[in-house]
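Here is my notebook from a first look around this structure.

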Amino acid sequence: MTELQDGVSFVVPVYNKAPYLPHVIQAIRNQAGDFAREYIFIDDGSTDDSLDIVRRLTAGWDRVVIHAQANHGSAHATNQGIARARMPFIKFVDADDLLTERATITLLECLRDSPACLAFGRHAAYETIEGLSLKTGAMRPTARLIGHPLRN
């Protein structure tokens, strides 16, 4: 695989997600690939320990932006993250999402090899993370171009 020159801004809007954040932050940190990255966390007025957890678990990381604001809703927090992003690609991560370790690199490779401007992956819901592995090994997902994504 050739070295990726692309950079990714991980944008994470946060509102009262303290129980999930350690796993989410670790999953973001474990993303495979040789690309520049920055991490943008927008705390949207959390009343739990979310902001403290983000600060503690990202202490010492390079290129971390943590912005705390009054609660304005997820869309506003996401837009605030986008406004702070400096990399050519943005990876949205909800504060209770988990990513397989090759999720971001897979999406970057799909974008690089196609005329698409947006890439997204599969998702699944789990009741608990116990026993869940985020390692994908040599799995090579297939990509397909959706010609008219807004048509049903």
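**Leu-99**
I looked up Leu-99 and found its place in the loop between strand S4 (89-92) and helix H4 (103-112). I am working with a predicted model here. Is Leu-99 buried or exposed? Its relative accessible area is 10%, under the 20% cut-off, so I noted Leu-99 as buried.

**Helix H1**
Next I turned to helix H1, which spans residues 21-29. Which of its residues are buried? I listed Leu-21, Val-24, Ile-25, Ala-27 and Ile-28. Looking down the axis of H1, I saw these buried residues fall within an arc of 160 degrees, so they line one face of the helix. I also asked what covers them. The cover includes strand S1 (7-14), strand S2 and helix H2 (50-58).

**Asp-44**
Strand S2 took me to my last stop: Asp-44 lies in this strand, which runs over residues 36-44. Asp-44 is buried, yet I found no salt bridge for it. The nearest side chain of opposite charge belongs to Arg-84, and that is 10 Å away. What I did find was a polar atom of the Asp-44 side chain 2.9 Å from the backbone nitrogen of His-72. Leaving aside neighbours within four places in sequence, I noted the contacts of Asp-44, among them Val-14, Tyr-15, Gln-69, Asn-71, His-72 and Ala-77.

Note on methods. Residues are numbered from 1 along each chain as its sequence is written. This is a predicted model: local features need pLDDT of at least 70, side-chain atom pairs count only at pLDDT 80 or more; totals for chains, interfaces and linings use all residues. Side-chain values use heavy atoms; hydrogens and water are left out. Helices (H or I, at least four residues) and strands (E, at least two) are DSSP runs, numbered from the N terminus. Buried means under 20% relative accessible area, exposed over 50%, partly exposed in between (1.4 Å probe, protein chains only). Lys and Arg count as positive and Asp and Glu as negative; His and the chain ends are not counted. A salt bridge is a side-chain nitrogen of Lys or Arg within 4 Å of a carboxyl oxygen of Asp or Glu. A polar contact is a pair of N or O atoms within 3.5 Å; within protein, one must be able to donate a hydrogen and the other to accept it, and residues adjacent in sequence count only if both atoms are side-chain atoms. Contact means heavy atoms within 4.5 Å. The arc is that of the directions from the helix axis to the C-beta atoms.
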